Amino acid sequence: MSKIKLLSPRLANQIAAGEVVERPASVIKEVIENSLDAGATRLDVDLEAGGVKLMRVRDNGAGIDKDDLPLALSRHATSKIYQLDDLEAVSTLGFRGEALASISSVSRLSLTSTTGSEAWCAKAEGREMQTEVQPAAHPQGTTVEVRDLFFNTPARRKFLRTETTEYQRIEEVIKRLALSRFDVGFNVQHNGRAIHSWRAAQSQIEQERRVAQVCGPAFMENALHIDIERSGLRNRGWVALPTFSRSNADLQHFYVNGRAIRDKLVTHAVRQAYQDVLFHGRHPAFVLYLEVDPATVDVNVHPTKNEVRFRDSRMVHDFLFRSLHHALADVRPKDQILNSPEQAEIPSGVAIGEFANQETMAFRSPGGGI
């Protein structure tokens, strides 16, 4: 008798949920990313009990056709990629087609959407997807409603923290996503109380206002705006002056082609750029956006898509180091330098003098214009 058996779809979904759905914040991340990929310009997020009881995300995006609703709740079904070549140059936030199926396997999920005059709703409650789709009332876009997270996996529910802690983790995810898309408005409610209302920001001043709302006004008052481009790479955003260093790395937001990531290579490059002007144990603060050719970065290296792999990691590291080092050197008083530049550990191939003549830069000093 064979000892190897195929897993049931339900069990396979729940195993996948263990990788994708760690806590309510994981659900919010996956659902909002789908909304952004659908072209939404407004997102309304309603939460109850830290997201454990209810998470509802409504967008005004492209919507999902009636015939596609059952597929949207199936594993490995996606509109983001169609062939291997697409996977090698992913430009969307989501692409694996596992998120909704994994979420529905450990919750009571309803998916309501319209692409025109008719709206339809599909539901799943911790079991194999039911193909029945019912009529509904809904404006243009999609609403994903997730209730009773982990209701059928009590062992995993025991690992959740307090309502306050789970909400704070959701809030951190929403803040990171709000910084990634200034052109999208975000409205957040928790237990019936309005928490955040961030309007879409188009101009430089509006974008800085949102950064101040998310990161705090003190960050923007001490931030330097940079916009540097070279060799197909572009690094833009805001970096805090060394005098605004932090005791922990809680104000570090880095994006690659609009995707929020945490990467050791990036962290190392930034720390090297700051090492001349930061005391030991202090951390820089920044909101930075790196733009690269999607074909030169692999986003399919982690289940939660929080990590990426660069094809030419040395070039990316050197570019980030050079751009930030030059920006900080351009504004800092000489008496703030803790170690001479000659003593700093500079990566191979970095020529600061040559870099200053090759780059196209735009700097904004605190309180000034571009």
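Aspartate 46 counts as partly exposed, because its relative accessibility is 23%. Buried means under 20% relative accessible area, exposed over 50%, and partly exposed in between (1.4 Å probe, protein chains only). The model is predicted: local features need pLDDT of at least 70, side-chain atom pairs count only at pLDDT 80 or more, and totals for chains, interfaces and linings use all residues. Residues are numbered from 1 along each chain as its sequence is written, and side-chain values use heavy atoms, with hydrogens and water left out.

**Confidence.** The protein has a mean pLDDT of 84, and 79% of its residues reach 70 or more. Residues 334–370 fall below 50; this stretch still has 82 contacts in the model beyond near neighbours in sequence. Here pLDDT is the predictor's confidence in each residue, from 0 to 100. Contact means heavy atoms within 4.5 Å.

**Salt bridges.** The structure holds 18 salt bridges. Each is a side-chain nitrogen of Lys or Arg within 4 Å of a carboxyl oxygen of Asp or Glu. Three of them are tabulated.

| Pair | Closest N to O distance |
|---|---|
| Arginine 56 – aspartate 46 | 3.3 Å |
| Arginine 309 – aspartate 298 | 3.6 Å |

Arginine 309 sits in strand β15 (residues 309–310) and aspartate 298 in strand β14 (residues 297–298), so this pair ties together parts 11 residues apart in sequence. Helices (H or I, at least four residues) and strands (E, at least two) are DSSP runs, numbered from the N terminus. Aspartate 298 is partly exposed, at a relative accessible area of 30%. Asp46 and Arg56 also belong to a salt-bridge network with Glu145 and Arg147. In the remaining tabulated pair, aspartate 183 is partly exposed at 30%, and arginine 181 is partly exposed at 24%.

**Arginine 210.** This residue lies in helix α8 (residues 204–215). A polar atom of the arginine 210 side chain lies 3.5 Å from the backbone oxygen of tryptophan 198. Leaving aside residues up to four places away in sequence, arginine 210 touches several residues, including Arg181, Phe182 and Trp198.

**Aromatic pairs.** A search of the whole structure finds four aromatic pairs. Phenylalanine 182 and tryptophan 238 have ring centres 6.2 Å apart and planes at 70 degrees, so they are edge-to-face. The pair links distant parts of the chain, 56 residues apart: phenylalanine 182 is in the loop between α7 (163–180) and β7 (185–190), and tryptophan 238 is in strand β10 (residues 233–240). Both residues are buried. Phe182, Trp238, Tyr255 and Tyr289 form one aromatic cluster. Rings of Phe, Tyr and Trp (its six-membered ring) pair if their centres lie within 6.5 Å; planes under 30 degrees apart count as stacked, over 60 as edge-to-face and the rest as tilted.

**Serine 107.** Serine 107 occupies the loop between α5 (99–104) and β3 (108–114). It counts as buried, because its relative accessibility is 0%. Its side chain reaches the backbone oxygen of isoleucine 103 at 2.7 Å. Beyond residues up to four places away in sequence, serine 107 touches residues including Glu125, Arg147 and Asp148.

Terms used
Polar contact = N/O pair within 3.5 Å; in protein donor to acceptor, adjacent residues only side chain to side chain.
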